[in-house]
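These are my notebook entries on one protein model.

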Amino acid sequence: MGWRNIFRRRKDDEIKNTTDTLSTETVSTENTETKNNFFQRLKSGLSKTRQGLFGKVESLLTGRTIDEELFEELEDLLIQADVGFETTMYLIDELRERAKRDKLKEGIQLKETLEQVIVSIFSENAAPLAIGDNSPAVIMVVGVNGAGKTTTIGKLGYRLKQEQAKVLFAAGDTFRAAAIEQLETWATRIGVDIIAHKEGSDPAAVAFDAVAAAKARKADVLLLDTAGRLQTKKNLMAELGKVYRVVSKELGREPDEVLLVIDATTGQNALSQARLFNEVVPLTGIVLTKLDGTAKGGIILALSHELKIPVKLVGVGEQNEDLQDFDPESFATALFSD
Ligand SMILES: Nc1nc2c(ncn2[C@@H]2O[C@H](COP(=O)(O)OP(=O)(O)O)[C@@H](O)[C@H]2O)c(=O)[nH]1
Ligand SMILES: [Mg+2]
């Protein structure tokens, strides 16, 4: 939650300078309400996955005794929910060990154990967004077409703006005029500046100008959009590498974040997308979008366990508030709660 406090401090200072009447009580109630609201949104965004996978887990485990057959049936459910082979094996092994260690007998006791193992998978590589340390913080957003890159930039920009950060957008998807316009629409709607060139221009030149502008205008965060590309198209991937190098050179250090946006409905292909992108640009985090549109949200487990790249944000709907920080505990709770 570091960056939140940093940008908010500014607002707090402003408030302190004008009035001293703000009671801490009001603030904390407000925070709790916001938290509850976020959790409800997360829960409803995950309702398909919860019903599809974790609801089934519960009915499978209820009234059963723990035995080999039960582990096998559980294994099938996890595979069906897109948890992936390797991660499913890991989960089942962990469950077996813990069941033995804790002398568990009843199937339903495995539910809590499963939740604990899932939290530990998520927590292993968990890291918040690296913004607030460097100014400007530069966030490059990459991924295949339609994954949700531009929408993510819009929503994140909106949130950062709410936190009093000075945000700059860069329309690095110069491939189609519509892509530039889409980001411009977001910029106008939420009131942030944008650096954009003509359709068809060099995306590395946009990136260069954007970094220079972010420094000159003392922006807190620069969000750089990129063209969607198939991870199999070699020359487009090479272009992405060039953008990364240009940003690093002009910035004098590497970008603070290179976020890969993945559509949760993609299934197991998400893993190969992540591996191939990671060969071209060093990914620092994953944004998993459209979790509300799939019953197979288990992919998030495979991504966390097999890639060791932290999931940093999740998209659970199309509203501004539906891009959330990924929090292992609340995510696992939202998956398992009724
Ligand atoms: N339901 C849902 N739709 C989303 C989410 N994120 C993005 N979308 C939609 O996915 C579509 C493609 O998004 P866009 O940002 O243009 O993808 P890009 O090509 O990667 O920039 C748009 O219609 C978005 O509204 C999400 O978390 N949930
Ligand atoms: Mg786009």
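I took helices (H or I, at least four residues) and strands (E, at least two) as DSSP runs, numbered from the N terminus. On that basis I found 13 helices and eight strands in the protein.

I worked from a predicted model, in which local features need pLDDT of at least 70, side-chain atom pairs count only at pLDDT 80 or more, and totals for chains, interfaces and linings use all residues. Residues are numbered from 1 along each chain as its sequence is written, and chains are lettered from A and ligands numbered from 1 in the order in which they are written.

Entry 1: I called a residue buried if 20 or more other C-beta atoms lie within 10 Å of its own, exposed if 12 or fewer, and partly exposed in between, with C-beta atoms placed from the backbone. Of the 338 residues, 44% count as buried. Among contacts between residues at least 6 apart in sequence, 77% join residues at least 24 apart.

I then looked up the nonpolar core, a set of buried Ala, Val, Leu, Ile, Met, Phe, Trp, Tyr and Cys residues joined through C-beta atoms within 7 Å. The largest has 94 residues, and Ala170, Leu222 and Leu223 have the most contacts inside it.

**Entry 2: H5 and H6.** For axes I used lines fitted to C-alpha atoms, for helices over the stretch in contact, with angles from 0 to 180 degrees between N-to-C directions. The axes of H5 (residues 85-101) and H6 (residues 109-124) come within 10 Å and cross at roughly 125°. H5 is therefore oblique to H6; angles under 35 degrees count as roughly parallel, over 145 as roughly antiparallel, 65 to 115 as roughly perpendicular and the rest as oblique. In H5, Leu91, Glu94, Leu95, Arg98 and Ala99 meet Leu110, Thr113, Leu114 and Val117 of H6.

**Entry 3: H9 and H10.** H9 (residues 203-216) packs against H10 (residues 234-251) at about 25°, with the axes 9 Å apart. The two helices are therefore roughly parallel. Residues in this contact include Phe208 and Val211 in H9 and Val243 and Val246 in H10.

**Entry 4: H12.** Is H12 (residues 299-307) enclosed or open? Seven of its nine residues are buried, so H12 is largely enclosed by the rest of the structure. The buried ones are Ile299, Ile300, Leu301, Ala302, Leu303, Ser304 and His305. Their cover includes H5, H6, H11 (269-280), S6 (285-289) and S7 (311-315).

**Entry 5: backbone.** Most residues other than glycine have a negative phi, and most peptide bonds are trans. I noted these exceptions.

- Lys308, in the loop between H12 and S7, has a positive phi of about 60° although it is not a glycine. Lys308 is exposed, with 9 other C-beta atoms within 10 Å.
- Asp82, in the loop between H4 (68-80) and H5, has a positive phi of about 75°. Asp82 is buried, with 26 other C-beta atoms within 10 Å.
- A cis peptide bond joins Ser135 and Pro136, with omega about -5°. Pro136 lies in the loop between H6 and S1 (137-142).

How values were computed. Two residues are in contact if their C-beta atoms, placed from the backbone, lie within 7 Å.
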